[in-house]
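This report describes the fold of one protein chain for a reader who is new to structural work. Please keep the sequence and the structure in view while reading.

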Amino acid sequence: MTIREKSDEDFMRLALKEASYALEADEIPVGAVVVYNGKVVGKGHNQVELLKDVSAHAEMIALTAASQKMNSKYLQDCTLYVTLEPCSMCAGALFWYQIGRVVFGASDERRGFSRLIPTPLHPKTTVISGVLEAECSKMLKLFFQSLR
């Protein structure tokens, strides 16, 4: 029997678990994990309300954790999995970290980085979108419906 490598969907499920922690805390339910060589080296979920910090996005928390664990300011060989398309602030951080790959679930037509031209991501960054998009979108929609 061979051991199956984890797929983008497997890691996105871990990001969804992080998003559920944000949901439980009445935060916008976004979760992120950073992966290096098939292992999670950083994870985070939105903590904007808890920390009273508008920059406490899931991506920022996961990137900081990964950078500390890897003992490196650059994450070229890492992949960020995030349930919602990163905003321009997070995309700027991704540029500076020189992240190798970004995989996101739900698109964000209002605040997502893909609406910016030219892209704020590092030129060598690969982007994959729509991984478990329905699951990622569902949690966000339920959260915002509960506010109305």
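Why is strand E4 largely enclosed by the rest of the structure? Five of the six residues of E4 are buried, so the strand is largely enclosed. Here, buried means under 20% relative accessible area, exposed means over 50%, and partly exposed lies in between, with a 1.4 Å probe and protein chains only. Helices (H or I, at least four residues) and strands (E, at least two) are DSSP runs, numbered from the N terminus.

The model is predicted: local features need pLDDT of at least 70, side-chain atom pairs count only at pLDDT 80 or more, and totals for chains, interfaces and linings use all residues. Residues are numbered from 1 along each chain as its sequence is written, and side-chain values use heavy atoms, with hydrogens and water left out.

**The sheet**

Five strands form an open sheet in the order E2-E1-E3-E4-E5, with mixed pairing. E2 and E5 stand at the edges with a single partner strand each, so one side of each has no neighbour in the sheet. From one strand to the next, the twist averages 15°. Two strands count as paired if DSSP finds at least two bridges between them. In general, strands of a sheet pair through backbone hydrogen bonds, either parallel or antiparallel. The table lists the pairings.

| Strands | Direction | Bridges |
|---|---|---|
| E1 and E2 | antiparallel | six bridges |
| E1 and E3 | antiparallel | five bridges |
| E3 and E4 | parallel | five bridges |
| E4 and E5 | parallel | four bridges |

Individual residues show where these strands meet. Glycine 31 stands opposite histidine 45 in E2, and valine 33 stands opposite tyrosine 81 in E3. Leucine 84 has alanine 106 in E4 as its bridge partner. The chain passes from E3 to E4 through helix H4 (residues 88–97), and this β-α-β crossover is right-handed; that is, with the strands pointing away from the viewer, the path from the first strand over the helix to the second runs clockwise. Arginine 101 has threonine 126 in E5 (residues 126–129) as its bridge partner.

E1 and E2 form a hairpin with two residues between them, and asparagine 37 in the turn has a positive phi of about 50°.

**The helices around the sheet**

Helix H1 covers residues 8–24. At 1.5 Å a residue, its 17 residues should span 24 Å, and the end C-alpha atoms are 24 Å apart, which agrees. The expected span is 1.5 Å times one less than the number of residues. Among the buried residues of H1 are Asp10, Phe11, Met12, Ala15, Leu16, Glu18, Ala19 and Ala22. An α-helix has 3.6 residues a turn, so residues three or four places apart point the same way. The cover over the buried residues of H1 includes strands E1, E2, E3 and E4 as well as helix H5 (133–147). Contact means heavy atoms within 4.5 Å. Just after H1, aspartate 26 takes a positive phi of about 60°.

Two further helices lie across strands. Helix H3 (residues 58–70) lies across E1, E2 and E3 and runs at about 145° to E2. H5 lies across E3 and E4 and runs at about 60° to E4. Such angles run from 0 to 180 degrees between N-to-C directions, and the axes are lines fitted to C-alpha atoms, for helices over the stretch in contact.

**Selected residues**

Not counting residues up to four places away in sequence, alanine 91 touches Pro86, Phe113, Pro120 and Leu121. The C-alpha atoms of alanine 91 and leucine 121 are separated by 5.7 Å, although the two are 30 residues apart along the chain.

Lysine 6 lies in the segment before H1 and counts as exposed at 51% relative accessibility. The C-alpha atoms of lysine 6 and lysine 43, 37 residues apart along the chain, are separated by 16 Å.

The structure holds four aromatic pairs. One of them joins phenylalanine 95 and tryptophan 96 edge-to-face, at 5.1 Å centre to centre with 90° between the planes. Rings of Phe, Tyr and Trp (its six-membered ring) pair if their centres lie within 6.5 Å; planes under 30 degrees apart count as stacked, over 60 as edge-to-face and the rest as tilted. Phenylalanine 95 is partly exposed at 28% relative accessible area, whereas tryptophan 96 is exposed at 64%.
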